Each structure stands twice: as C-alpha cells, then as structure tokens.
Amino acid sequence: SPASLTSRSRVAPRRVSIIGAAGAASGDGAPDSGFYVTTPIYYVNDKPHIGHAYTTVACDAFARFNRLDGRRVRLVTGTDEHGQKVEQSAEKAGVAPLEFAD
C-alpha cells in the first residue's frame, strides 16, 4: 500500500514512460522517492528517423526537469540487438550479427 511505502527508508523507483508521466511524476511527496523514464527500444536494423530523436529528447528534457525539481530520476535507453530480424539483416549485409549491431 502507498502508506507502507512511505514508511520505508528507501522506496523502490517507479518505472514511468514519457506518455502520461506527468501525473506519476508528482509522486507521493516522499523526499527519497524516485522513478525511471524510459525511451522506446530502438532497433539496430532500422534507419534512425525523427521519431527516435523526438522521444529521446523529450525523455531527456522530462528527466532533467524533474531532477531540477529535486526528484531522483533514472533515464534508461537502449537498442534491441537480439532477434531474428537483426540476424536476417546481418546476413543480408554479409556480416556477423554482433558486427552488424555494433
């Protein structure tokens, strides 16, 4: 329950996506509560486009704003380097999947 979370010395961070995060960011008022902001998982076999830049910049700005407001924020981003489509794209390019992902 929320009451039991605030009585602990350390509260586990919440995972918050950028969509609808404003309500979750207000938190429960506990000074040590924190949360994660996550970007989508980008695929290495696709070309970067404006949507990648938009979501990364929006998540970064949201995280920085909340840090300035005194909240503990962890921004998490990454790529999907595993999967059949990556293997197929690497094969098509004539390289090993690891080399393709790098």
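What does Ala96 count as by its relative accessibility, and why?

Reply: Ala96 counts as partly exposed because its relative accessibility is 40%. The scale is simple: buried is under 20% relative accessible area, exposed is over 50%, and partly exposed is in between, with a 1.4 Å probe and protein chains only. Ala96 sits in the loop between α4 (84-93) and α5 (97-101). Helices here are DSSP runs of H or I with at least four residues, strands are E runs of at least two, and both are numbered from the N terminus. Val86 is 10 residues from Ala96 along the chain, and their C-alpha atoms are 10.0 Å apart.

A word on the model itself. It is predicted, so local features need a pLDDT of at least 70 and side-chain atom pairs a pLDDT of 80 or more, while totals for chains, interfaces and linings use all residues. Residue numbers start from 1 along each chain as its sequence is written, and side-chain values use heavy atoms, with hydrogens and water left out.

The pLDDT is the predictor's confidence in each residue, from 0 to 100. Its average over the chain is 73, and 68% of the residues score at least 70. Confidence is highest in α3, at a mean of 92, and lowest in helix α1 (residues 2-7), at 41. Residues 1-27 have a pLDDT below 50, yet this stretch has 42 contacts in the model beyond near neighbours in sequence. A contact means heavy atoms within 4.5 Å.

Thr55 is buried because its relative accessible area is 18%. Beyond its neighbours within four places in sequence, Thr55 contacts Thr39, Pro40 and Tyr42.

Next comes the core. The largest nonpolar core has 6 residues: Phe35, Val37, Cys59, Phe62, Ala63 and Val73. Such a core is a set of buried Ala, Val, Leu, Ile, Met, Phe, Trp, Tyr and Cys residues joined through side-chain atoms within 4.5 Å. Both β2 and α3 supply at least two residues of this core. α3 gives the most, with 3 residues.

Finally, the aromatic rings. Rings of Phe, Tyr and Trp (its six-membered ring) pair if their centres lie within 6.5 Å; planes under 30 degrees apart are stacked, over 60 edge-to-face, and the rest tilted. The count is 1 aromatic pair. Phe35 and Phe62 form this tilted pair, at 6.1 Å centre to centre and 55 degrees between the planes. The pair joins distant parts of the chain, 27 residues apart: Phe35 is in strand β2 (residues 34-43), and Phe62 is in helix α3 (residues 50-68). Phe35 and Phe62 are both buried.
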